[in-house]
Amino acid sequence: MSLSQVLIQLIVGQQNQQTASQINELSNRSLSEILPPVIDLLQDAKVIQNPPTLMKILIFMKNCLTAKDPEKASNKKAQWNTFTIDIKNGIHGVLFNLLNSADSQVHSVLSEVIAIVASYDIPLSQWSDLIEVLTNDSFPITIQKVCLNICSLLFEKIDEYKMTVYLSKILPRFVTDINNEHLYEIRLNGIKNLLNHYRSFSFNNFDVLFDIVVDSTKTNISENALTIRLETLSIVVENLYEKLIGQNDRLCNFLINTVEKYGSSEDIVKKVYDVWCTIGRVESDTVKTRKSQNILITSISKLYPQIVRVINGFAKEVVQEDDDEGEDQNSVIYVSQEIVTYMTMVAHDPFSSNVLNSITQSLNGNQLSQQYISLMLFGAILEGGCSLKNLIVQNIPSIVQIYSNSQNGLIKMAASKALIKVLKMMPQLLNGQIINQLITTALNIISSNNKSYIISSCLLIGYIYKTVEEGNSLSSSVNQVHSTLIKLVQMNDELIQRTSLQSLKRIVGNLYKVNAKPLILNTFNSIIQFIQLLQQQGNMKAISICIQIMGDCIDELTEEIQSNPNTINLQQTMNILISYLANTDTFDSAMKAIVTVSSVLAEQFQVFTGPVVEKLLIALKEVSQSEMIKESCITIEQLSLAIKTAMSPYVEQLLTQLFNDLQSNQLNFKVKFTIIKAISGLAVGIGFNGFSRYTSVILNALGQITKNLLGLKLDLYNEDGAEFFESMMESILICYSRLYKGSDQTIINFIDVPINLTLSIHQVICSGSGYVNTDIIYSAVCAFYDTIVSLPFICQSQELFKKIFTPSVLEVIRSCDSNTEEEDLRINVDSLVNKLKKLGVFQ
């Protein structure tokens, strides 16, 4: 039986686990083996005339060409690129012929297949006639839809600079005759992808694209089309905010009018409010420098009254439902809180004053929905940083009364959350009498059988202990609080278990306020028992919190453990923590707890190092689990700094795997930065003498990475580009600083690369720093040179000193000194400058 026959039987036949496994195995065979029979089937008249079969063959072809796993996808792409132009052109022709299929499902999969192939070929300047076909407006509407969808997918799959030459031809197909109802949604989706992925082109063609998105003359559109427009607006605000100058009224009116028309649709209103949230997040960001158009402030007079009216309408329904867990599922109410928080952040106390005065009246009223909304708004105002203490204080008694007396679980939960906001933002406003009243009330409420009451009170107690600094108001009830939470953990209810554990975690770190340290050891031993119970229940999320509490208890018992290691059973503790490194739900918390143990024991941790490193090596091989690798690298760095030379026996194994991960194309640069820092952490931990035989290899590899990164073209006026630049430069410079710390003269052979790096960084920043926090970069630059100037052989050799501290380097350092403003980040700058002044280099 031929491979084509095998394929058709498997794909068309009855599907089960065995056939799925066989199909998967075939899709992972080499393209040179599997694509020929697939192409034969795609030219078979019987297949072409049977849309369900044709669609299944195309799905199979898609899985042959790419994969979710980045490494497999890269391998498949490499296989495709081994084909000759003639073979590729033949496949292109077969795919073009399938455009004539009338089935929409076939068209959807076909679009994906063509887009995948095009994403491989276009960057190599192949499939040159594709764009001509895709932009042909003489095709029937059904084929035009496919062509536009393919273009939209290309925006996602191909880098902008590779597509620039084609975009002037593609753009008219999306913006011309935009009101054609047959193509409207697919054109909108293409515009959305264009704005999301091709920033430079969108920036230069912004007006025509924005006009379509906020066009108020087109009123008879589907909710799906409106959703696309709203999602596109969020992208515009996020990526192209600076282009919105002069568009305040137009944008505001479009969003306000949309809610007026579709106010009964939770989905649509949520999408509108998502846009407002994006505006608020952008305009309230104090870290990144933006030229604010103040869209939110200028819109408050229209937006806030509408929000109150809309959420009051939704609140009536959710308050009546009052589900058992005290949580409503209305997304509009939650996103509205976020908008009000941003309004408070940008409009400050004048806005807050009006809201708080209106809240006072509603809290004292009898309408449950208004009470609920007032509690939510009160919390949002505090979250936004309201400083009107008198107005806040006047509402607290009403909120305490609602929390104590309300028979509605949803409102009781909202009241507890409002009080938690006070505790988080202004705990000094709650005096000892109120705190005692709240704890007593919470303990009484917990004794009920109402799940939502228990959860709201657990949360409140946890935050009381976390935020209240005056121990006297906590001491009388601490034993009862502790025993109550311990009992709740043993209830067979996942949500109650997790909530009580979270509160117990908050309390453990604050027992010092009430001189109740013995309870910490009691908690630790109870948690060991709980883990066994929770393991039987399969509640891994609760176990993760338990492990966090173990780490907190160990941290609080540092002095006791250091003076008497038998304070806790260290072997049992480490066995538990190491065992939970095998589970992705508990990996992070177990690693952090292990690092805590290592910091307490320092080099005495050596007896546990081997098993921990063994688990780390296993985790580092899981390149498909980037977060796990990232956490493993952070752990390696912290372990190395904590236990120092105790890591020496494992350096070679760890370095080998870390270098393998650095070479992997499955891991992004953010993860690779943590790998670099892990390597440098090893170097610092075991010291230059113990690490010196690896230094030259690492510096060579680091030098190559540095050169590759410097070759990247980054848009620093894009937040992602700026964040990447910050992380990249800081990580590399930290690594160089650590590798050179305490080193000998052999490092001079590698010094040119990091010096050139600092000069390049300075040049880039001087050309326009965009959203980059330059203080972070300047601090890292100075930390590097501070390490260098601290090496005795550098200062003892005038020739070496002048070779490194050239006029260009000194200019960079002066720029760092003049422009670093953040006090914490000036430490490295001041340290370097003072040393250079002592050497007579700086005046």
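Domain bounds in these legends come from an automatic or database domain assignment. This is a predicted model, in which local features need pLDDT of at least 70 and side-chain atom pairs count only at pLDDT 80 or more, while totals for chains, interfaces and linings use all residues. Residues are numbered from 1 along each chain as its sequence is written, and side-chain values use heavy atoms, with hydrogens and water left out.

**View 1. Domains of the protein chain.** The chain is divided into domain 1 (224-429), domain 2 (443-562), domain 3 (569-686) and domain 4 (697-839). Between the C-alpha centres of domain 1 and domain 4 there is a distance of 44 Å.

**View 2. The crossing of helix 17 and helix 19.** Helices (H or I, at least four residues) and strands (E, at least two) are DSSP runs, numbered from the N terminus. The axes of helix 17 (residues 266-283) and helix 19 (residues 331-363) cross at roughly 25° and come within 9 Å; axes are lines fitted to C-alpha atoms, for helices over the stretch in contact, and angles run from 0 to 180 degrees between N-to-C directions. The two helices, helix 17 and helix 19, are therefore roughly parallel to each other, given that angles under 35 degrees count as roughly parallel, over 145 as roughly antiparallel, 65 to 115 as roughly perpendicular and the rest as oblique. Their contact (heavy atoms within 4.5 Å) involves, among others, Tyr 273, Trp 276 and Cys 277 of helix 17 and Val 335, Ile 339 and Tyr 342 of helix 19. By class, this contact of helix 17 with helix 19 has nine nonpolar, three polar and six charged residues, where Ala, Val, Leu, Ile, Met, Phe, Trp, Tyr, Cys and Pro count as nonpolar, Asp, Glu, Lys and Arg as charged, and the others, Gly among them, as polar.

View 3. Gln 337, which lies in helix 19, counts as buried at 15% relative accessibility (buried means under 20% relative accessible area, exposed over 50%, partly exposed in between, with a 1.4 Å probe and protein chains only). Although 60 residues separate Gln 337 from Cys 277 in sequence, their C-alpha atoms are 9.6 Å apart in space. Leaving aside neighbours within four places in sequence, Gln 337 is in contact with Met 376 and Ala 380.

View 4. Ser 589 is found in helix 32 (residues 584-601) and is buried, with a relative accessible area of 4%. When neighbours within four places in sequence are left aside, Ser 589 is in contact with Ser 544, Ile 547 and Gln 548.

**View 5. The packing of helix 26 and helix 27.** Helix 26 (residues 478-489) packs with helix 27 (residues 494-508) at an angle of about 150°, their axes being 8 Å apart, and that makes helix 26 roughly antiparallel to helix 27. Residues making the contact include Leu 485 and Ile 486 of helix 26, together with Leu 501 and Leu 504 of helix 27.

**View 6. The crossing of helix 39 and helix 43.** The axes of helix 39 (residues 774-789) and helix 43 (residues 826-838) come within 8 Å and cross at roughly 40°, which makes helix 39 oblique to helix 43. The contact includes Tyr 778, Cys 782 and Tyr 785 of helix 39 and Val 829, Leu 832 and Leu 836 of helix 43. By class, the contact of helix 39 with helix 43 has eight nonpolar, three polar and two charged residues.
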